[in-house]
Amino acid sequence: MAIEILRLGHRGERDKRISTHVALTSRALGAEKIIFTEEDKHVKESVERIVEAWGGEFKFEVVKSWRSYAKRFKDNGIVVHLTMYGENINKIMTEIREDISKTNKNLLLIIGAEKVPREAYDLADYNLSVGNQPHSEVAALAIFLDRFTEGKTLYSEYDDAKIKVTPSKSEKCVFVEKD
Ligand SMILES: C[S@@+](CC[C@H](N)C(=O)[O-])C[C@H]1O[C@@H](n2cnc3c(N)ncnc32)[C@H](O)[C@@H]1O
């Protein structure tokens, strides 16, 4: 089962930082790939730099048509759209987890930057809220992924990592590979 994140929209300069955080949060919490609908060299390079240093196979893609991407994904996947208007995460998470474990399908999470087109709601198998208050796509993504994976992806280790952190009670414990 693979987890992918589809980020709808990116408002240039204004979203550079948050789009980078969306990608890094996706990677750190167990997603295999992030898909953007807009090109941004700065975001792409920032993510690639992290993957190069911290390891793993996290993929970055920009698509022309997110609708075609999501429709194709549904051949062997379940689409969950995160929105403050959606169903209660506390009530629906068990159903989503069972749905995916029974069918062994992949998971595509859709998150917005600004107003999300109606088609995203229609295309999604689940429209899910992380509370009904407006907050941030980074927070919604992190809470969803942590609950979906039950924390199992948080301490993933990568053989090809050049930097590794060992959890420590009292000091920074960092391994850095020399060139
Ligand atoms: C700046 S917010 C826009 C809020 C928007 N009105 C909405 O539909 O959620 C950008 C993205 O954050 C996510 N988001 C914000 N609050 C959320 C919440 N309470 N539950 C789930 N997702 C949320 C959604 O993916 C949304 O598209």
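Which backbone N or O atom lies 3.3 Å from an oxygen atom of the ligand? Select Glu137: a backbone N or O atom of that residue sits at this distance. Such a polar contact is a pair of N or O atoms within 3.5 Å.

Before going on, two notes. You're looking at a predicted model, where local features need pLDDT of at least 70 and side-chain atom pairs count only at pLDDT 80 or more, while totals for chains, interfaces and linings use all residues. Residues are numbered from 1 along each chain as its sequence is written, and side-chain values use heavy atoms, with hydrogens and water left out.

Stay with the ligand and pick Gln133, where a backbone N or O atom is 2.7 Å from a ligand nitrogen. Now show the side chain of His135: an N or O atom there is 3.1 Å from a nitrogen atom of the ligand. The ligand exposes 540 Å² when taken alone, and the protein buries 85% of that (Shrake-Rupley areas, 1.4 Å probe).

Next, select the shell of 18 residues around the ligand (a heavy atom within 4 Å). Leu82, Gly112, Val130, Gly131 and Gln133 are the closest. β4 gives the largest share, four residues.

Zoom out and colour the strands (DSSP E runs of at least two residues; helices are H or I runs of at least four). Six of them make an open parallel sheet, ordered β3-β2-β1-β5-β4-β6; strands pair when DSSP finds at least two bridges between them. At the edges are β3 (59–62) and β6 (126–129), each pairing on one side only.

Click on β1 (residues 3–8) and β5 (residues 106–112): six bridges join these parallel strands. Arg7 has Ile111 as its bridge partner in β5.

Last stop: select helix α6 (residues 137–149), which packs on the sheet and touches β1, β4 (77–88), β5 and β6 (heavy atoms within 4.5 Å).

How values were computed:
Axes fitted to C-alpha atoms, helices over the stretch in contact; angles between N-to-C directions. Polar contact = N/O pair within 3.5 Å; in protein donor to acceptor, adjacent residues only side chain to side chain.
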